[in-house]
Amino acid sequence: MTGSWSLHCHFIVLLCGWQLIHAQYESLGYPQSYLQPEEEHYSPPELPPDTPRIQLRLAGEKRKHNEGRVEVYYDGEWGTVCDDDFNIHAAQVVCRELGYVEAISWFPSSKYGKGEGRIWFDNVHCTGKEKSLALCSSNGIGVSDCKHTEDVGVVCSDRRIPGFKFINTLTNNIDSLNIHVEDVRIRAILSSYRKRVPVTEGYVEVKDGGSWMQICDEEWSQMNSRVICGMFGFPSEKRYNTRVYKMFARRRRHAYWGYSVNCTGNEAHLSSCKLGHPVSLKTNQTCGQGTPVVVSCVPGRAFAPTPMAGYRKAFRQEQPLVRLRGGAVVGEGRVEVLKNGEWGTICDDNWNLVAATVVCRELGFGTAKESLSGGQLGQGMGPVHMNEVECSGFEKSITECRFNMDSESLGCSHEEDAGVRCNVPAMGFQQRLRLSGGRNPYEGRVEMLVERNGSLVWGTVCGEGWGTMEAMVVCRQLGLGFASHAFQETWYWPGDVNANAVVMSGVRCAGTEMSLAHCLHHGAHISCAKGGGRFAAGVSCSETAPDLVLNPQVVEETTYLEDRPMFMLQCAYEENCLASAASQTPANSYRRLLRFSSQIHNNGQSDFRPKASRESWVWHDCHRHYHSMEVFTHYDLLSPNGTKVAEGHKASFCLEDSECDEGIEKRYECANFGEQGITVGCWDTYRHDIDCQWVDITDIKPGDYMFQIVINPNYEVAESDYTNNIVKCRCRYDGHRIWMYNCHIGGSVSTETEDTFPGLVSNQVIHR
């Protein structure tokens with residue numbers, strides 16, 4: 001029995017692995033459910049002859065292409081559906097009728113804006129099994145006492161029904177119907193493009209009714225190409241050699257889709273484009289004078305198939321005006337813009353897919369999969385630079401769009417920070433890595449696919465030196481979010497025994513790489529003393545992560561000097577909180593301490609918890625408290641050229657919620673051996689008058705200095721953004737008093753301003 005169950009488990013693992021390897025177009029953002037075994041194929045519904053013939057579409061102010069206000073076409077007119085008695089079963093019927101596998105949720109009260117025309121359905125009651133919304137019971141088609149403030153909307157899954165066949169029963173209304181197909185792809189045709197990653201040029205093919213078909217190019221436009229390229233992660237389209245493709249087309253027979261496509265160029269996805277005219281095919285399956293549609297896309301610099309690496313050092317890249325922060329994967333994050341030398345955020349009022357797409361294209365990605373609101377990817381710091389952004393969709397930069405400059409007076413806070421998720425090219429990285437042996441898909445031993453002696457084999461990664469940054473890259477590569485833990489041995493996770501051999505060692509990542517193969521590592525000569533198997537590297541991933549940010553104003557406002565007698569510093573001396581010269585200081589003499597307060601906010605999406613569990617915290621008898629992290633903060637005083645002249649550090653003796661934003665309850669308190677941590681929306685304050693909250697500057701001469709604070713300096717705990725873990729200040733000491741000024745968070749100001757602080761670290765790992 002045990003053997004058959006083990007064989008069954010291995011079959012399931014192999015099946016999931018096979019689908020992961022063969023899944024295409026992960027850049028379209030399909031959820032994990034897309035990798036599950038497919039359902040039964042779609043069969044066109046057979047409706048009773050007396051069923052009212054309707055068509056559905058999703059319209060309105062969308063944040064994804066697969067959501068919107070439900071609109072119904074009947075009797076020559078588009079109308080809406082009232083939210084009275086509407087539920088998830090009715091949403092299920094709508095989504096299935098539109099070709100999506102299922103409904104995720106639904107929204108009442110015209111969330112996607114008020115529609116126009118008749119309200120065709122009211123008091124709809126569905127079981128969820130109906131083949132058409134027209135088969136659900138209601139007041140009767142066109143019978144309603146609702147207003148358009150009650151228009152209902154739905155959110156459908158990204159996944160399309162396998163074998164879905166678009167059936168147009170209302171041929172007199174083609175121009176206003178959206179395109180519904182099972183899948184879309186760019187298929188490389190020319191040999192010079194077939195081996196390139198990503199695929200940037202080829203036939204546009206749609207899957208309808210389970211078959212891949214080309215599109216006739218007779219009515220194809222540049223705007224259509226723009227939408228296709230954007231879907232696949234490319235910011236723009238370009239011309240291609242039509243003569244070569246015409247020659248190729250003459251030699252092949254093509255299966256053409258029966259319709260043309262009509263896009264405005266602003267759509268985030270082909271399914272938002274309108275269906276064009278039916279294509280009349282000749283008997284030999286050609287489309288008039290046309291050939292199959294070909295697109296050629298321009299990839300962003302990070303995804304160019306042949307990057308010009310030799311030229312990167314020859315020029316200094318211009319300071320970008322826009323950046324993404326706090327996202328788990330490439331092309332995702334909170335939108336930040338540079339204005340007057342300072343980085344700030346965008347308020348989410350009126351934030352939509354069109355504006356989000358402008359950001360994505362500007363950064364070298366494709367169209368936006370989703371426009372995010374409400375600080376979903378963590379809250380930013382500093383000013384809110386833009387509000388009520390309105391874009392045409394063709395701007396080169398989000399800064400060219402119209403917006404309300406008076407965001408602060410309109411009450412915009414960082415709780416309303418806007419974010420994006422962009423389409424990025426399918427680079428194939430996800431198929432070269434897997435997690436094995438874990439209890440769920442988010443954890444396990446890291447196994448890598450490499451070429452050995454001409455064949456592809458799976459192997460493990462050496463656990464020596466494996467840390468949070470390396471785990472971050474693995475989780476990103478697999479699309480599993482952030483790393484929550486990195487493991488240097490994985491004996492408790494039985495991976496594939498055929499993959500025990502070590503295929504990579506000496507891995508060192510900066511944390512920003514798209515693939516583990518991009519990190520520094522040993523070459524062909526593997527060096528791993530303990531070997532793979534039980535000592536292989538492992539990770540656990542999480543969809544969310546904390547984000548610690550130090551308040552620079554508090555540092556600037558609370559700085560002062562204290563001359564403290566040595567006999568009152570014995571505990572601090574034992575914890576190495578004084579300069580090395582203190583060992584020679586008589587008990588009746590003084591040490592001069594630069595003191596200040598630290599206010600550490602958690603602006604992320606999950607609580608900040610110490611790496612060590614409470615059972616392994618270390619008791620310090622002198623201060624009568626537990627240390628949960630060996631080093632939590634570094635304090636450094638540097639000369640103007642960046643040389644360190646004095647230093648301090650803060651052991652994390654007590655991580656707790658000192659205060660919280662309104663409406664958030666404290667969860668962590670150190671008293672009585674309580675749990676330690678910082679809740680999202682709360683902050684931990686290390687007051688200026690507690691031990692070790694200082695830098696010993698007794699032996700420092702008067703002059704101008706730079707002061708630097710780094711939180712979580714050893715990257716012991718995973719965060720969504722490490723660049724904001726540092727505060728930098730200018731400092732003047734006259735021998736009696738000290739002044740802090742120009743304090744700011746690392747990365748919060750322009751490159752030019754940052755360059756006036758030479759020698760300071762950016763809190764981004766280069767090589768450890």
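Tutor: Buried means under 20% relative accessible area, exposed over 50%, and partly exposed in between, using a 1.4 Å probe and protein chains only. This is a predicted model, where local features need pLDDT of at least 70, side-chain atom pairs count only at pLDDT 80 or more, and totals for chains, interfaces and linings use all residues. Residues are numbered from 1 along each chain as its sequence is written, and side-chain values use heavy atoms, with hydrogens and water left out.

Student: Why does glutamate 370 count as buried?

Tutor: Glutamate 370 counts as buried because its relative accessibility is 16%. Arginine 421, with a relative accessible area of 25%, is partly exposed.

Student: Which side chains meet in a salt bridge, N to O?

Tutor: Side chains of opposite charge can pair when their charged atoms come close. The cut-off for a salt bridge is a side-chain nitrogen of Lys or Arg within 4 Å of a carboxyl oxygen of Asp or Glu. Glutamate 370 and arginine 421 meet in this way at 3.2 Å, N to O. Glutamate 370 is in strand E17 (residues 368-372) and arginine 421 in strand E20 (residues 419-422), so the pair ties together parts 51 residues apart in sequence. Strands (E, at least two residues) and helices (H or I, at least four) are DSSP runs, numbered from the N terminus. Through shared partners, salt bridges join Lys64, Glu332, Glu370 and Arg421 into one network.

Student: How many salt bridges does the structure hold?

Tutor: The structure holds 28 salt bridges. One of them is between arginine 57 and glutamate 71, whose closest N and O atoms are 2.8 Å apart. Arginine 57 is in strand E1 (residues 55-59) and glutamate 71 in strand E2 (residues 67-74). Both arginine 57 and glutamate 71 are buried.

Student: What order do the strands have in the open sheet of five strands?

Tutor: Strands of a sheet pair through backbone hydrogen bonds, either parallel or antiparallel. Two strands pair if DSSP finds at least two bridges between them. Here the order is E34-E33-E38-E39-E40, with antiparallel pairing. Strand E34 (644-650) and E40 are at the edges with a single partner strand each, so one side of each has no neighbour in the sheet. E39 and E40 are joined by six bridges, and arginine 730 stands opposite tyrosine 741 in E40.

Student: Where does serine 748 lie?

Tutor: Serine 748 lies in the loop between strand E40 (738-745) and helix H10 (751-754). Serine 748 is buried, because its relative accessible area is 17%.
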